[in-house]
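Subject: Structure handover

Hi there,

Here is the structure I promised to pass on. My notes on what turned up in it follow below.

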Amino acid sequence: VSLPVFWGTAWGMWMLAIQKQKYVLWMQILNAILIIGSEFILIPRLGINGAAYSLVLGSYVAFIFMVMAYKPKEGLLLFWQALHPKNILEVIRYSKS
């Protein structure tokens, strides 16, 4: 679950930085509806595991929605390069000095 949450958070921050808040708002609304709806179906059948499955499903669907709904002018390559672990480690090293 942590991978789509990590990418989704980074994508959301990217969207806010380029003034595209409406995409983030709609993604959050649709994700909440999906999670709550799937919990009504899965919790009675699977119990606590149903709640976990609905959260995982919601996280993946939200990430896919964000990637498909809006593609920045700069391209996805720039976004992926910004989140490359090597570059993140360089930012951490730079911030410590």
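Some ground rules before the rest. This is a predicted model, in which local features need pLDDT of at least 70 and side-chain atom pairs count only at pLDDT 80 or more, while totals for chains, interfaces and linings use all residues. Residues are numbered from 1 along each chain as its sequence is written, and side-chain values use heavy atoms, leaving out hydrogens and water.

Overall, the chain has 5 helices and 0 strands (DSSP runs numbered from the N terminus: H or I of at least four residues for helices, E of at least two for strands). Of its 97 residues, 25% count as buried (under 20% relative accessible area; exposed is over 50%, partly exposed in between, with a 1.4 Å probe and protein chains only).

Back to H2, residues 21-46. This helix bends by about 35 degrees at Phe-40, and Pro-44 follows within four residues (the bend is the angle between axes fitted to the seven residues ending there and the seven starting there). Val-24, Met-27, Asn-31, Ile-35 and Ser-38 are buried in H2. Just after the helix, Gly-47 takes a positive phi of about 70 degrees.

H2 packs against H3 (residues 48-69) at an angle of about 155 degrees, with the axes 8 Å apart (lines fitted to C-alpha atoms over the stretch in contact, with angles from 0 to 180 degrees between N-to-C directions). That makes the two roughly antiparallel (over 145 degrees; under 35 is roughly parallel, 65 to 115 roughly perpendicular and the rest oblique).

In H3, the 22 residues should span 32 Å, and the end C-alpha atoms are 31 Å apart, which agrees. Its buried residues include Gly-50, Ser-54 and Gly-58. Val-56, also in H3, is partly exposed at 27% relative accessible area. The C-alpha atoms of Val-56 and Ile-35 are separated by 8.9 Å.

Best wishes

Key. Expected span 1.5 Å × (residues − 1).
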